[in-house]
Amino acid sequence: MEAEFSVDSVANEYEVITPPKAHSGQRCSDVPTSLKLPASTRCMTIIPELRWKIFQLVHDTPRHSMGNRTLLALALTCKSFSGPALDLLWQDLNNFLPLVKCLPRSLWKWEGLKSVFQGAMTFDDWSIFCKYNHRVRSVGALCSFLAVCTDIWCNLSCPPFPLPLLPNLISLTWKSTNTETFSYIWLFVTPKLRRLDIIAGAFGPSEHSVLSLISMLCPSVSHFSFRSSRDSDDTSTLLQCWSHLTSVTTRTISEAAILHLLKLPSLRVLNFHLPSTRMSVNTKRLLQHSTLCALQELTVSCSSLVLVDAFFEGLFIAPKLISFDIFDGVDSARALPISISRVSDTCAHNSLEQIRLTITDRPTGHHTSIALSVFKPLFAFHNLRKLDFEIEYDCAVRWNDYILLQMAQAWPLLEELHLNKFSHSNHGVTPNAFVSLLQHCPRLFSVAIIINWFTIDGYDITPDVPYQGFAHKALSQAFFGSPRIRHPTRIAAFISAVAPKVESISSWVGGSRSHPDFGKYSKRWTVVEDLVKSFSTVREQGRRLMLITGEGVDDHGIGSKGSHKHIGIAHSVQESENGDAIIGGGGDVYDVTGSESDSEYVSSDEDSEEGI
């Protein structure tokens with residue numbers, strides 16, 4: 001029985017033959033039809049580079065399935081199209097299943113969600129397989145549950161040609177949940193392999209022996225990723241066999257492997273787990289001589305910030321991204337100030353653009369808060385684009401207007417500011433400070449910030465234009481913790497005025513779901529999100545109407561100062577003697593710490609808070 005589809009027979013029927021030139025006296029109607037084709041069509045047939053470029057554009061279409069159908073149609077058009085179209089059609093496979101489905105339907109069948117062979121492959125079967133195997137350049141998760149059964153790998157282990165099965169493979173992702181399927185990876189390793197991603201469920205001595213074989217058969221690997229369910233799975237020996245690595249993602253590795261990687265001049269991306277013990281004095285001394293001139297991204301995972309500090313001591317690097325992931329830690333908040341200072345001492349101030357710090361501590365039962373001033377050492381990184389800080393289990397950030405202003409002034413290129421985006425704090429900033437942040441950071445598109453909404457929620461909306469018509473053009477996403485509000489319309493009017501491009505507002509998420517008032521306040525913030533979009537649309541309609549009619553605004557419009565502090569321009573922020581922030585110089589002062597009228601804005605979750 002024939003395969004599910006074949007293109008060779010069809011392609012031969014439409015072979016394009018270079019037509020002879022018309023000789024003198026020959027009638028125009030006698031000239032072959034191909035000469036009557038448009039010039040663009042003849043060029044695509046005659047110039048291989050042009051044809052390949054056009055086919056590549058088809059292959060790279062955003063709707064990948066549509067691109068594949070078009071390539072298949074091109075492959076069935078004529079012989080000159082068949083080769084390059086098939087090359088692109090088979091170039092990137094999500095798994096091995098398409099190569100099984102190209103074989104005769106009598107050879108394999110479905111058993112549940114997996115394909116199995118019903119017999120051994122014949123020479124004719126292998127001939128069909130060889131029409132496509134040399135075209136494959138990358139294969140995704142081969143051993144996923146939707147792919148193939150073990151008996152297929154057994155049949156493919158004895159081809160009538162030298163291994164590997166896919167001789168031109170340069171990128172391989174191998175996903176395996178048991179020892180038996182992992183061992184078949186050797187069928188696909190090739191000297192041309194440049195990228196190798198391994199996802200292993202179980203990893204033991206037999207898997208390590210296979211890795212040793214891979215290091216010999218694939219000497220040119222430059223991108224390596226290893227993910228397993230156990231942190232004890234070690235790839236140190238394998239990594240030390242490769243000298244051209246540019247990107248490495250792995251689990252815990254030995255000190256010798258760390259030294260090897262940090263000496264590679266080609267390494268640009270490194271993601272690894274630090275050992276749970278302190279490094280030896282000799283290793284630390286050797287680390288201090290590592291140049292890491294090409295390193296662009298560094299991600300370190302560990303069970304303790306103290307061990308991370310020890311690793312970075314004496315290093316000097318110039319990455320664009322640095323990331324810490326602390327898991328199963330104990331009271332990491334206390335070590336945080338030293339760790340942040342270490343980042344400032346270790347990284348070049350003009351290169352770092354992204355900082356990520358994720359801490360998952362064991363629950364301690366007591367509440368801790370971190371002052372915003374802890375992040376002051378990071379103000380030296382004037383090219384910072386993204387700051388993402390997240391600490392779980394009973395820890396809040398104490399926001400401060402004055403420190404927030406310093407942040408905004410230090411990071412004018414800031415695009416993303418996330419400080420505990422799914423947590424809440426009673427120490428919020430004023431709306432004026434929030435607007436000051438927007439004014440100093442025009443590129444900011446996502447922010448997680450705690451705001452005291454009392455000065456907005458406590459007053460009716462006025463017809464005056466807030467902040468002299470200032471409107472941030474980039475902000476599209478906001479996380480506001482779990483604030484309690486009474487009037488969604490007032491909050492939405494303020495947000496839509498200063499940040500009309502906001503599309504997503506997240507509030508009362510995460511741990512807030514267990515709060516007894518979750519239902520009431522989450523619904524109010526859902527209304528805020530919907531109203532912000534509506535108000536922004538109405539404002540845009542008004543703007544277009546003014547352009548059409550040619551009318552301006554009256555004396556009470558743009559430029560007038562409102563009756564409340566949030567209506568006028570953003571006031572300057574000054575620091576008082578006790579370190580708190582003062583907005584402006586005078587006017588009404590609102591006590592938001594305990595009166596009955598505003599008790600709804602304050603949560604009572606931080607009574608036993610311990611500050612840092």
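Which residue caps the N-terminal end of α14? Ser304 does, with a side-chain oxygen 3.1 Å from the backbone nitrogen of Val306.

## Basis

This is a predicted model: local features need pLDDT of at least 70, side-chain atom pairs count only at pLDDT 80 or more, and totals for chains, interfaces and linings use all residues. Residues are numbered from 1 along each chain as its sequence is written, and side-chain values use heavy atoms, leaving out hydrogens and water.

## Helix α14

Helices are DSSP runs (H or I, at least four residues), numbered from the N terminus. Helix α14 spans residues 305–312. Seven of its eight residues are buried, so the rest of the structure largely encloses it. Buried means under 20% relative accessible area, exposed over 50%, and partly exposed in between (1.4 Å probe, protein chains only). Among the buried residues are Leu305, Asp309 and Phe312. Gly314 follows α14, and its phi is positive, near 90°.

## The core

Phe311 is also buried in α14. Phe311 and Ile495 have the most contacts inside the largest nonpolar core, which has 153 residues. Such a core is a set of buried Ala, Val, Leu, Ile, Met, Phe, Trp, Tyr and Cys residues joined through side-chain atoms within 4.5 Å.

Contact means heavy atoms within 4.5 Å. Not counting residues up to four places away in sequence, Phe311 touches Ile258, Leu262, Phe272, Leu274, Met279, Leu287 and Val300.

## Cysteines

The structure holds zero disulfides (pairs of cysteine sulfur atoms within 2.5 Å). The sulfur of Cys154 has its closest cysteine sulfur in Cys158, 8.9 Å away, too far for a bond. Cys154 is partly exposed, at 40% relative accessible area. Cys302 is buried, at 0%.

Methods
Helices (H or I, at least four residues) and strands (E, at least two) are DSSP runs, numbered from the N terminus. A polar contact is a pair of N or O atoms within 3.5 Å; within protein, one must be able to donate a hydrogen and the other to accept it, and residues adjacent in sequence count only if both atoms are side-chain atoms.
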